[in-house]
Amino acid sequence: MNNGGVQMSDESYNREGTEKTTDSHPQTSPDSDTRLEVEHLNVYYGDFRAVKDVNLSIKNNRVTAIIGPSGCGKSTFIRCLNRMHEVTPGGRVQGKVMLDGQDLYGPGVDPVDVRRRVGMVFQKPNVFPSMSIYDNVASGYKLNGVRNRQMIAEKVERSLKNAALWEEIKDDLQKPGTSLSGGQQQRLCIARALAVDPEVLLMDEPCSALDPIATAKIEELIHELKETVTIVIVTHNMQQAARVSDYTAFFYVGELIEFGETQQLFTAPEKRQTEDYITGRFG
Amino acid sequence: MKATSMQRMTSQTDLHRFRVRKLVELLAVTGMVLCAAVSIFFLLAILGYVVYRGASSIDWEFLTALPLPPGEVGGGIANALIGSVLVVGCATLLAMPIGLGAAVFVNEFPSARLGRAVRFMAEVLTGVPSIVVGLFAYALVVQPMGSFSGLSGSVAYAIIMVPIVLITSHEAFRLVPPSLREASLALGVPKWRTIIGIVLPVSSKALITGGVLAISRALGEAAPMLFTAFGNPFWNLNLGKPIATVPMLIYTYATGPYEDWHRKAWAASFVLMMVVLITSVMTRAFLRGKAHE
């Protein structure tokens, strides 16, 4: 709690839109490559405790998968990493989430600033229907009143390229975002999240509404993105977790049962429950 | 499995039951078609009758001239047309921001007891008789100002419009998927910018429809004008003074002793109805065009 009063001074941009690059983000401490450190996290819906005393560290520029059966609290858990859980009525969080050594739940920390640093992609593509493809990607800036057109245009192009969507839609930027296919819409949502240069990208079952081909594209994308951004992905699909992630956390009824390198966890799990789950004995 | 179900289909009692069900369906559909026909019959009947009584008296003079003294044939309702536009326009300027603002509050703070109370009271307010609203506006504006005025009429209309705007806007906001709001918040957009940048644009069509509904309702109300705008046979653009409005003029003419006045009341009814009709048709066309963008 000692550093709880530290302000999130590092906004990715200011109102005039003279942008700072990701290089200006505080560097991770040299003794560790940990980006996010979760300490004694308890998460509540009213009186119900959905996540129980979770400790977990998420490594820089790696993909961490969260797996577990439905209702095990995995979505609830990642929604705490960018302070989206408290948007839910009755939602309450105890414990610490340290991003580069700063407690995201410290006093004086604005959740709006947290969400600029920790982006999110949701289960179903949630493209803004009132906006064009271009404006969707630019929305992180435009909704916040940023007017620097040239900077925004560069961000939009770069994010669409990073989201592997640019080639498909570069001539249709002014069409409505909702005119795209489901898989394209989800990549548009990824581009939208990437456009504001987040340090961490949370993905809450990003492929659950997509067909296998679109899913493969997103998985490929995750591989490329981890060069520049730390990724936490919730997935129902164990094969997906095995394919895309470096680390895997197994949640069961709100508890973190096991956490480790993906290969280790899938080939030689330490806990009985983990083994039962990954071998398909339940869940 | 298949064989047994086939057998059951063809058995005598089931065939009978199937026929009965078909017959009941036919009766039910006929009944519903009749109900639908009766519903639109009244709209068409009113339209037809007003056209029959009023359309023949419409000419350029009727729309552009001032009323003549009682007994003289000729003259028009230009002052009432402009008066209605002014009074309703001013009421819209009052009611839209208030109704929208309240709807945003009710929608964004759903757990607040006050929000739910506001919504409930808006529903009650839509049921308050418009003549009572007129009396209230009389006490609120006319008495302190010391004279009837267009402004007091606008206040009365606004009181009628606010709950309509509030309820339609609230329903429109409720239809905005929560996932869009979350997407915006997750981008680091504050709540108030999310409301302005996402919730309002996404629901804009329904907001416009609600606004037009409120305007149409006010345009046709005569009762709230009785003790507020009052009416005025002369040309007046000053909202601080008594002013003529079309529904009030219809009331005066229809209850007056002259045959020419009755004719003019029908003609004015025709004009009023056409204005409301054209407004709503044009709104629909505009919104449909927007959907195809």
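This is a predicted model: local features need pLDDT of at least 70, side-chain atom pairs count only at pLDDT 80 or more; totals for chains, interfaces and linings use all residues.
Another open sheet of chain A is built from six strands in the order β6-β7-β8-β3-β9-β10, and here the pairing is mixed. Because β6 and β10 (255–261) of chain A stand at the edges with a single partner strand each, one side of each is left without a neighbour in the sheet. From one strand to the next, the twist averages 15 degrees. Within this sheet, strand β7 (residues 200–204) and strand β8 (residues 230–234) of chain A pair in the parallel sense over five bridges, with Val232(A) in β8(A) as the bridge partner of Leu202(A). Helix α6 (residues 182–195) of chain A packs on the sheet, where it touches β6 and β7 of chain A, and its direction makes about 170 degrees with that of β6(A).

The contact between the chains draws 22 residues from chain A and 17 residues from chain B. On the side of chain A that touches chain B, the elements giving two or more residues are α2 (111–117), β6 (118–121) and α3 (133–142) of chain A, and the largest share, four residues, comes from α2(A). By class, this side of chain A comprises 10 nonpolar, seven polar and five charged residues.

Key. Residues are numbered from 1 along each chain as its sequence is written. Chains are lettered from A and ligands numbered from 1 in the order in which they are written. Two residues are in contact if their C-beta atoms, placed from the backbone, lie within 7 Å. Ala, Val, Leu, Ile, Met, Phe, Trp, Tyr, Cys and Pro count as nonpolar, Asp, Glu, Lys and Arg as charged, and the others, Gly among them, as polar. Two strands pair if DSSP finds at least two bridges between them. Axes are lines fitted to C-alpha atoms, for helices over the stretch in contact, and angles run from 0 to 180 degrees between N-to-C directions.
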